[in-house]
Amino acid sequence: MCGIAGIVSYENVNQELYEALTVLQHRGQDAAGIVTCEGDRFHLRKDSGLVRDVFHTRHMRSLIGHMGIAHVRYPTAGCTSSAEAQPFYVNSPYGIALAHNGNLTNAPALKEALFVQDQRHINTDSDSEVLLNVLAHELQEIGKLRIEADDVFRAVAGVHQRCRGAYAVVAMITGFGIIGFRDPYGIRPLVYGERRTESGVEYMIASESVALDVLGFKVIRDIAPGEAFIIEKDGTLHSRQCAANPIYSPCIFEFVYFARPDSIIDNISVYKARMRMGDKLAEKILRERPNHDIDVVIPIPDTSRNAALELATRLGVKYREGFIKNRYIGRTFIMPGQQLREKSVRQKLNAISLEFKDKNVLLVDDSIVRGTTSMQIIQMAREAGAKNVYFASASPPVRYPNVYGIDMPAAEELVAHGRTEAEVQAELGADWLIYQDLDDLIESVQKGNPNVTRFDTSCFNNEYVTGDINQAYLDHLGEYRCDSAKAQRESASSVIEMHNAS
């Protein structure tokens, strides 16, 4: 999962792109980058780390230009090396920079074809660099010195024909403008808006509407699956459907966990969707335990708050903030490495004992993935004096990997994989465990926009919307994503960077 943004303005865009990345920081904490365009020249700054650590005054001064794109990275392919920070750049044809959110499921085959057929060299393990070179090749095949909007639309159509998986993209071509497009399933979000100034209309594209809100842009609409938007450097706007058979299938986990609650994705309020999740979960509790003995509902901050508050209201039970979060610790779900995740939980949360002591506590979280975080939190609640610790997940059991841009681990590392709910309850050490039903989750999200008739729910039911995922692919992915394999790559990357630094 990553965050992307692009702006075409009448003023320098460096500061606003920086601010957009800070708003999208929750989508990736591994690396950040900005590319601006001044005339026919790109200016680039990217590195590993949080936005505030990557960009300093000296960097911002050099990022000159009235249009630019930006990216925060959460690694799903490759490693966490700074070499794989985005945006990526190729100088031929025209000079193209690209930032990508998602994951290509046919990246290895594309990489081989790019080398053998297109004579293009890929320098990293990132599928985003592969995607950039596919776009560059499609543009080069047009064979024109100066391109027009129709040429770009034709190139994006070529990308759709060759690439599989999930991709929301912002790209920039020197001397021309900015492009935004989504895969034919619209798995990853992308929205555009405008801002009227004395000089004229300025445009912005971003992963989430909140980034536009903060910068004063009016949200116009989401970019549709398979659709491409072009904003020329003079502000001329074009849009066209470039895919043959687009099917709206957004990732439902965006609404469960990743997106900010103040965002609207595919015309669905994330905040209201999470409230409905809490309401549905309360209904299930009342069906299964009409005489429950819950004394207090406590959310695990931050993403479960909306669901937990609605759940408590529906049950007629007290809602309390029993955990205080250290906001200077990153999101543990997207931290690389199991040891780092486990260490961060205790640093991240501290219990208020008086809210737990001698009470039957229902803890509410958005989801349970590996289960290690949930285990530690349940233990913290017991140490704080809870009589009984119940645990509710606003989403169904996560039993299968996500292949579309969320770095869920190998299936064997998912606590619910191959286990019944009773077995998961025992593994976590909870006195009672309740999961959201998948139909209720879908209804909670879909109610915001009935026109979205299908969601990617693959991590819950093993049904992958692109139709090209088989067990062999999942087995290979599991070998690549398991924590031991990641540790080996991180170690190798560290050695290389230390060698380069010396």
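In this predicted model, the protein exposes about 19900 Å² of surface, and carbon and sulfur atoms supply 47% of that area. Buried residues account for 62% of the 502 residues. Along the principal axes, the C-alpha trace extends over about 75 × 50 × 45 Å.

The secondary structure consists of 17 helices and 22 strands. The radius of gyration is 23 Å, close to the 23 Å given by the globule rule for 502 residues, so the protein is as compact as a globular protein of that length. Of the contacts between residues at least 6 apart in sequence, 70% join residues at least 24 apart.

Charged side chains comprise 54 positive and 65 negative groups, and the centres of the two sets lie 3 Å apart. The number of salt bridges comes to 32. One of them joins the side chains of E16 and R195, with an N to O distance of 2.8 Å.

R260 is partly exposed, at a relative accessible area of 28%. D262 is likewise partly exposed, at 40%. Elsewhere, salt bridges that share partners connect R27, R188, E208 and E254 in one network.

Two peptide bonds in the cis form are described here. In the bond from Q86 to P87, which is cis, omega is near 5°. P87 is located in the loop that runs between strand 4 (67-73) and strand 5 (88-90). The bond from P301 to D302 is also cis, with omega near 10°. In this case D302 lies in the loop between strand 16 (296-299) and helix 10 (305-315).

Positive phi values were also found in residues other than glycine. For Q119, phi is near 55°. Q119 occupies the loop between helix 4 (107-116) and helix 5 (127-142), and its relative accessibility of 61% places this residue in the exposed class. For N267, which is not a glycine either, phi is positive at about 65°. The loop that holds N267 runs between strand 14 (264-265) and strand 15 (268-269). With a relative accessibility of 53%, N267 counts as exposed, because the exposed class begins over 50%.

Notes
Residues numbered from 1 in each chain as written. Predicted model: local features only at pLDDT ≥ 70, side-chain atom pairs only at ≥ 80, totals over all residues. Heavy atoms only, no water. Helix = DSSP H or I, 4+ residues; strand = E, 2+ residues; numbered from the N terminus. Rg over C-alpha atoms; globule rule 2.2 N^0.38 Å. Buried < 20%, exposed > 50% of the residue type's maximum accessible area, 1.4 Å probe, protein only. Contact = heavy atoms within 4.5 Å. Areas by Shrake-Rupley, 256 points an atom, 1.4 Å probe, with all protein chains shown as cover. Lys, Arg positive; Asp, Glu negative; His and termini not counted. Charge placed at Lys NZ, Arg CZ, Asp CG, Glu CD. Salt bridge = Lys/Arg side-chain N within 4 Å of Asp/Glu carboxyl O.
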